Amino acid sequence: MATLLEVQGLNAWYGESHVLHGVDMRVAEGETITILGRNGVGKTTTLRTITGIVRSRKGKISFDGSDMMQVPLHKTAHRGIGFVPEERGIFSTLTVSENLLLPPVVAGGGMTLDEIYELFPNLYERRASPGTKLSGGEQQMLAIARILRTGVRLLILDEPTEGLAPVIVQRIGEVLKTLKERGMTILLVEQNFRFASRIADRFYLMDHGQMVSEFPVGELPQRMDTLHKVLGV
Amino acid sequence: MAVSAIETQEKPRVVLSARGLRRDFGGFTAVKDVDLDVHDASVHALIGPNGAGKTTVFNLLTKFLQPTSGTITLMGVDITKTPPDKVARMGLVRSFQISAVFPHLTVLDNVRVALQRPNNLSTQFWRPLSALDRLNERAEQLLASVGLSKERDHIAADLSYGRKRVLEIATTLALDPKVLLLDEPMAGMGQEDVGVVSSIIREVARDRAVLMVEHNLSVVANICQHVTVLQRGEILAEGDYATVSQDERVRVAYMGTEEH
Amino acid sequence: QSATDGKVKIGILNDQSGVYADFGGKSSVEAAKMAVEDFGGKVLDVPVEIVDADHQNKPDIASNIARQWYDTEQVDAIMELTTSSVALAVQAIGKEKKKIDIVTGAATTDLTGKACSPYGFHWAYDTHALAVGTGGALVKQGGDSWFFLTADYAFGYSLEQQTSDYVKASGGKVVGAVRHPLSSQDFSSFLLQAQSSGAKVIGLANAGLDTSNAIKQAAEFGITQGGQHLAALLFTLAEVHGLGLEAAQGLTLTEGFYWNRDDESRAFAKKFFARTGKMPNMVHTGTYSAVTQYLKAVQKAGTDETEAVAKQLHEMPVDDVFGRGGTVGANGRMIHDMYLLQVKKPSESKEPWDYFNVLATIPGKEAYIDPAKSGCDLVK
Amino acid sequence: MADITETIQTEKSRTALSVQAGFLLAGLLLLLLAPFFFYPIFLMKLLCFALFACAFNLLLGYTGLLSFGHATFFGGAAYFTAYTVKEWGLPPELGILIGVAGAAFLGLVMGFFAIRRQGIYFAMITLALSQMFFFFCLQAEFTEGEDGIQSVPRGHLFGFIDLNSSTNMYYFVLAVFLVGILVIWRFINSPFGMILKSIRENEQRAISLGYSVARYKLGAFVMSAALAGLAGAVKSIVFQFATLTDVAWQMSGEVILMTLLGGIGTLIGPLFGAGLVVVLENYLATSEFPVTIITGIVFMVCVLIFRRGIIGEFYASRLGRKLGFVYRR
Amino acid sequence: MTMIFGIPLQALFGQLLIGLINGSFYALLSLGLAIIFGLLRVINFAHGAQYMLGAFVAYLLLTYAGIGYWPSLILAPVIVGLAGAIIERLFLRRLYDLDPLYGLLFTFGLALAVEGTFRYLYGSSGQPYATPAALAGGANLGFMFLPIYRGWVVVVSLVVCLGTWLLIEKTKLGAYLRAATENAVLVQVFGVNVPVLLTLTYALGAGLAAFAGVLAAPIYQVSPLMGSNMIIVVFAVVVVGGMGSIMGAIITGYVLGIAEGLTKVFYPEASNIVIFVIMAIVLLIRPAGLFGRDA
Ligand SMILES: Nc1ncnc2c1ncn2[C@@H]1O[C@H](COP(=O)(O)OP(=O)(O)OP(=O)(O)O)[C@@H](O)[C@H]1O
Ligand SMILES: Nc1ncnc2c1ncn2[C@@H]1O[C@H](COP(=O)(O)OP(=O)(O)OP(=O)(O)O)[C@@H](O)[C@H]1O
Ligand SMILES: [Mg+2]
Ligand SMILES: [Mg+2]
């Protein structure tokens with residue numbers, strides 16, 4: 001499979017504190033990747049650095065063969081990267097439908113509004129209410145849904161199941177599977193191990209700002225011990 | 001004066017307690033009907049997923065935020081309407097989730113600033129700085145107790161993340177608080193600092209109450225006698241670590257490892 | 001018989017960038033230079049030099065410059081001194097240092113009253129003259145009931161006070177007054193009150209932009225069309241020009257000079273216009289007159305030494321384009337005729353800057369305070 | 001807040017100390033001899049404004065509060081002093097004392113309202129309140145409106161030093177200036193100043209350590225107001241008048257410019273800033289350039305490329321660092 | 001005649017109406033300030049200067065190009081908005097990462113320079129600008145004589161305020177603006193060019209100020225000083241309203257205009273400080289302002 005995203009020796013800083021210490025990873029077209037790791041090891045930071053939000057960074061990021069390090073923040077979406085942040089980023093002064101329509105369409109091939117409403121009937125019902133009046137699960141759906149319209153090729157999700165009831169987690173799992181079948185490439189950070197293991201093709205394990213190991217879903221049983229140690233659970 | 005009035009009485013077992021604590025942000029309820037009792041001479045952990053409302057609870061208890069409803073009592077005194085600096089003077093002191101040192105002061109000065117108030121050296125604008133030298137001894141003791149003596153004259157901003165957290169704890173201890181609230185004291189610390197801080201906390205809690213937010217579950221398991229699990233602003237489970245960690249709901253909501 | 005330091009130097013100190021910049025400003029400096037040229041460029045065989053500075057309406061800057069001029073730059077006299085805080089401060093310095101100042105830009109009668117100086121002269125106008133001119137003379141023209149729109153500070157009060165005295169003395173009555181804050185943009189509330197008072201004349205006891213805005217808005221509210229008369233107590237040709245005849249028509253005001261008065265004044269004005277692009281008002285011409293008279297006094301005294309020149313200035317009659325038949329009182333007040341002027345309708349105006357009809361000439365003796373009653377302790 | 005309150009700390013190495021002592025001595029000598037070379041009134045004005053700017057900087061540089069209303073204290077004190085000296089016949093030292101007390105009181109009142117908000121709100125509130133005071137001064141009887149209180153007698157200091165002599169006056173102003181600077185220096189380098197510093201560094205943490213931040217800020221505000229008042233009071237004796245220009249908001253703008261130019265958060269920066277502004281104003285008075293345009297441009301240039309000010313840039317320069325000065329952000 | 005506190009009821013109506021007219025200017029100006037602050041976190045001290053520029057551009061267009069009031073009503077805001085865009089691009093942009101106080105100081109300097117320049121070029125006594133013929137004259141409302149132009153000011157400012165409100169609350173562009181106020185980074189991640197949005201916002205705010213300036217030209221003397229007198233009052237309006245909501249800025253503008261108008265009737269001496277007094281009271285009771293969000 002063609003490599004869609006490649007990260008090499010990525011370092012990142014928040015002001016004075018050095019958070020990423022040389023992250024290496026690779027995501028192939030159509031793959032679903034999950035990054036695992038304890039709280040605070042730099043998973044979110046990795047995603048934020050790839051999308052360009054964290055700008056004090058060094059190393060190499062290339063997407064679809066082109067260098068992303070110098071691309072301005074507002075151009076990353078147009079290159080085909082969509083981001084669903086950890087805090088979801090639903091805008092409280094916008095209604096659900098405004099939230100949904102907010103991200104500009106950057107390429108063809110995205111879902112239509114009708115398709116999205118079909119996929120998420122709750123959003124249709126609540127389309128006129130303010131974004132933050134939604135339940136946590138609905139907010140998460142909204143955060144995913146609004147990216148689907150835009151036609152991006154790589155969907156980056158930061159802990160999409162955080163704080164959600166199991167039934168919603170299940171639903172989101174189904175959505176992600178559907179997207180995967182449609183050929184979307186997905187990069188996921190997840191603490192919910194069970195959830196992750198159901199949808200991921202490959203795992204990266206992160207600690208202290210680095211990828212400490214990498215394995216396909218098939219090797220999961222052998223790796224359980226390491227996971228226990230590193231994840232501290 | 002409230003403090004001294006209390007001290008003459010028999011020490012209450014529950015030093016800090018909240019009843020029906022609630023906080024709304026606009027339409028959003030971050031903390032809902034939380035009852036919490038923090039006991040003297042113990043370490044109490046507050047855990048829960050991100051955004052559960054742990055920091056908000058801290059802000060409410062220390063009065064950095066005003067509760068929408070509910071009451072808070074500190075050693076028998078109702079502090080629901082007390083301003084935060086007064087609460088601190090009454091002996092309830094907190095640390096912050098994002099490291100809270102005075103970045104451009106030296107390590108020693110960081111601790112001395114905390115010592116100034118209890119030693120009545122904070123409002124004198126006519127005395128030279130050398131007036132503060134008599135705090136040095138105590139400050140150095142505190143630094144030694146957390147292993148920061150070597151960095152005494154460093155600028156705080158130059159310390160590593162973990163060392164900053166350690167410094168913050170030293171500053172907090174300088175106030176000789178009755179109740180200590182620590183927001184993720186181990187976050188971002190190297191393993192060696194985690195050990196140091198764990199033992200400091202255990203030490204401190206011999207004659208004080210400590211309430212801490214912590215994601216490092218092995219620390220929680222090791223040093224915390226009580227655990228309260230918060231989820232979406234509500235208490236999900238309570239008890240000691242063993243009980244709580246067996247709770248299925250906690251495993252689903254927080255620990256997320258139902259598989260073994 | 002010569003100048004003490006080989007030259008005669010005159011400083012024009014005024015506002016060149018602030019609110020009073022149009023009132024005198026750089027154009028006044030030109031007027032002063034014209035006066036020197038017309039005098040021949042030399043006096044007592046030494047050259048006459050004009051220096052100028054912008055005091056930015058700050059008395060401390062003015063003081064600083066005045067002291068420096070007097071002390072280290074051999075300036076013999078300072079003139080114009082727009083705005084009363086500056087004029088009073090500089091006159092006090094002149095008194096202390098025994099140096100001459102001639103004020104043409106400030107209005108307060110204190111300059112020749114309790115703050116008078118044996119070396120200080122007040123040339124073009126003052127609040128008293130404005131009050132007599134507009135208040136007294138206008139009543140005689142039939143404007144016998146008054147309502148005041150007064151700027152809410154000392155300057156406004158004294159203008160209002162002095163004017164109403166003359167209104168009453170001439171047989172008119174004052175039906176009311178309203179005080180507006182300094183630099184109000186909007187005068188409509190106050191104008192409505194003035195309108196409903198039914199007074200024949202609305203007296204504007206304010207200055208600068210406040211007066212302009214009040215007049216403009218009075219026109220908007222149809223006050224002059226309604227038969228009421230506007231009288232601006234401190235307003236000159238320069239401001240009328242800024243306002244435009246459309247808004248200013250019918251307004252009555254008093255000035256010590258009007259360029260279109262006679263051939264002599266027109267000839268002067270044409271020369272002035274050629275240099276500045278404006279027609280002169282009483283401040284510009286007053287400064288011209290003050291410089292001219294000062295040079296005459298030096299000539300006559302045969303020296304630029306202060307006491308001698310001051311003596312001549314007090315004794316010599318003034319006779320130039322500005323102060324015809326003028327005399328100078330012991331308190332330093334130059335007493336000359338004033339003119340009650342009315343702004344023409346646009347249709348009446350025959351050429352650019354042809355703005356006024358002269359309604360009356362007010363003799364200097366009436367217009368100015370009798371030096372004996374001025375409160376100046378130099379007058380026995 | 002971190003940015004505007006960049007501090008300059010001087011490291012206490014021995015060479016640095018001697019270099020700094022050298023600078024200090026040279027500066028002092030310069031000030032003592034200055035009246036023999038420069039125009040004394042001009043120097044006195046400079047010193048008054050320098051003290052004013054230093055007082056202002058005490059607030060901005062050391063507590064991070066940008067006041068847009070400091071003219072109130074400067075001009076208010078000038079009025080109080082001028083009035084009591086002229087109308088009540090008080091000796092100058094008493095008049096100045098009353099001026100300072102009045103300014104401190106005004107500081108207390110304005111501070112009480114303004115301290116409630118931070119940052120730009122604080123700036124806007126102080127601006128609005130000082131505008132209120134301006135209108136008060138405009139209308140109040142005792143200020144004599146636009147004429148101002150004129151011809152204030154300089155009188156005799158302590159009954160025997162004749163201030164009408166400009167040499168005496170100059171050394172008196174210099175003494176006041178030095179005392180003022182000393183007070184500021186002591187204030188900053190005191191236990192109280194330490195708390196102020198820590199509040200500016202991390203306000204939340206200071207609260208959690210039990211400090212009533214509002215009171216410390218108010219304390220600094222009143223101190224700054226009183227010292228600004230001292231500058232204004234002395235100025236009214238030097239120039240022998242007090243007028244509306246001193247309470248107008250443009251004056252507040254001017255003192256900000258002086259501080260910005262000299263170096264926010266440096267002890268002596270404002271002295272240079274004030275010097276530059278005063279010289280510029282005097283120079284521009286007789287040039288063709290309109291003053292406000294230049295002032296405005298200087299402001300913009302400073303903010304865009306010269307944020308550390310003269311002294312700040314010097315401290316941060318290679319030479320400055322070599323001489324032992326440390327510029328810290 | 002019915003009297004209230006010794007004032008004829010009719011006169012009171014008249015004064016209320018006048019207050020509303022002044023409130024129109026306050027609303028337009030504080031609206032622009034609120035928009036700029038909301039998105040850029042810049043207190044635009046140059047707002048008064050931009051208001052003045054609006055009036056002056058109208059005057060210059062008339063004098064040198066013979067372009068009348070109606071085209072100016074559009075042209076002047078566009079020109080001033082463009083100038084604002086350039087300022088934002090070249091200078092303001094560099095200050096976003098710094099303490100917001102630097103933005104305040106920069107625009108303060110800008111205001112000084114612009115006003116100084118116009119004073120230098122055009123003097124301080126102002127320039128005439130006639131009421132457009134179509135709106136000349138007045139209507140007798142029975143209780144007062146209302147110049148038609150004033151009525152027009154109230155109507156058009158209401159329309160513009162509501163229009164701006166609609167633009168921001170109901171359009172896609174407005175959605176970007178609001179979203180960027182909440183979380184500029186995320187909006188940028190979605191592919192919206194927030195830097196351009198910021199430029200547009202500043203231009204919009206400046207344009208609104210200029211629009212108010214053109215409206216003011218026939219009423220107030222067109223003078224370099226007209227803005228600096230206004231801006232401090234508008235600041236107080238903004239502090240009272242709080243910087244949270246656009247509607248808040250509009251409503252506060254009108255309400256304070258009326259409050260000021262009433263003071264002019266009952267106690268004219270206090271009319272220039274009444275807004276500051278209200279500000280002090282509001283600060284005591286609600287430090288965040290009437291419509292402000294918690295700091
Ligand atoms: N804005 C910030 N400023 C400073 N430090 C930060 C910031 N955001 C995160 N950090 C620190 O950087 C480190 C990595 O954070 P990051 O959010 O990437 O962790 P994470 O692996 O996503 O954790 P979690 O599971 O809690 O989401 C942490 O120590 C965190 O405290
Ligand atoms: N000032 C505020 N205004 C609005 N919402 C807030 C505010 N502070 C916190 N919240 C919301 O309240 C919820 C609880 O936040 P809180 O910071 O208490 O979580 P937490 O349990 O400490 O999470 P973490 O583990 O990430 O620190 C979050 O959804 C947060 O967005
Ligand atoms: Mg994360
Ligand atoms: Mg938290």
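**Chain by chain**

Mentor: Start with chain B, which exposes about 10600 Å², with carbon and sulfur atoms supplying 49% of it; accessible areas come from the Shrake-Rupley method with a 1.4 Å probe, and for residues only the protein chains shown count as cover. Keep in mind that this is a predicted model, where local features need pLDDT of at least 70, side-chain atom pairs count only at pLDDT 80 or more, and totals for chains, interfaces and linings use all residues. Residues are numbered from 1 along each chain as its sequence is written, chains are lettered from A and ligands numbered from 1 in the order in which they are written, and side-chain values use heavy atoms, with hydrogens and water left out.

Trainee: How many helices and strands does chain B have?

Mentor: Chain B has 10 helices and 10 strands. Helices (H or I, at least four residues) and strands (E, at least two) are DSSP runs, numbered from the N terminus.

Trainee: And what percentage of chain B is buried?

Mentor: 59% of its 260 residues. Buried means under 20% relative accessible area, exposed over 50%, partly exposed in between (1.4 Å probe, protein chains only).

Trainee: Where does B:Thr82 sit, then?

Mentor: B:Thr82 is in the loop between strand E5 (77-78) and helix H3 (84-89) of chain B. It counts as buried because its relative accessibility is 12%. Not counting residues up to four places away in sequence, B:Thr82 touches B:Lys63, B:Val87 and B:Met90; a contact means heavy atoms within 4.5 Å.

Trainee: Switching to ligands. Which residues are closest to ligand 1?

Mentor: A:Gly40, A:Thr44, A:Thr45, A:Glu86 and A:Gln191 are the closest of the 13 residues around ligand 1, where near means that a heavy atom of the residue lies within 4 Å. H1(A) gives the largest share of that shell, three residues.

Trainee: What about polar contacts there?

Mentor: Those are pairs of N or O atoms within 3.5 Å; within protein, one must be able to donate a hydrogen and the other to accept it, and residues adjacent in sequence count only if both atoms are side-chain atoms. A backbone N or O atom of A:Gly42 is 3.0 Å from an oxygen atom of ligand 1, and a polar backbone atom of A:Lys43 is 2.8 Å from a ligand 1 oxygen. A:Thr44 brings a polar side-chain atom to 2.5 Å from an oxygen atom of ligand 1. On its own, ligand 1 has 630 Å² of accessible area, and the protein covers 70% of that.

Trainee: Which residues coordinate the magnesium ion?

Mentor: A:Thr44 (OG1) and A:Glu86 (OE) coordinate ligand 3, the magnesium ion, at 1.8 to 2.7 Å. A:Thr44 lies in helix H1 (residues 43-51) and A:Glu86 in the loop between strand E6 (81-84) and helix H3 (96-101) of chain A, so the pair ties together parts that are 42 residues apart in sequence. Donors are N, O and S atoms within 2.8 Å of the metal (3.2 Å for Na, K and Ca); water is not among the atoms, so sites may look incomplete.

Trainee: Last topic: which chains share the most contacts?

Mentor: Chains D and E, out of six pairs of chains in contact. Chains B and E do not touch, and their nearest C-alpha atoms are 10 Å apart.

Trainee: Is D:Thr72 buried or exposed?

Mentor: Buried, with a relative accessible area of 2%. D:Thr72 is in helix H3 (residues 71-87) of chain D.
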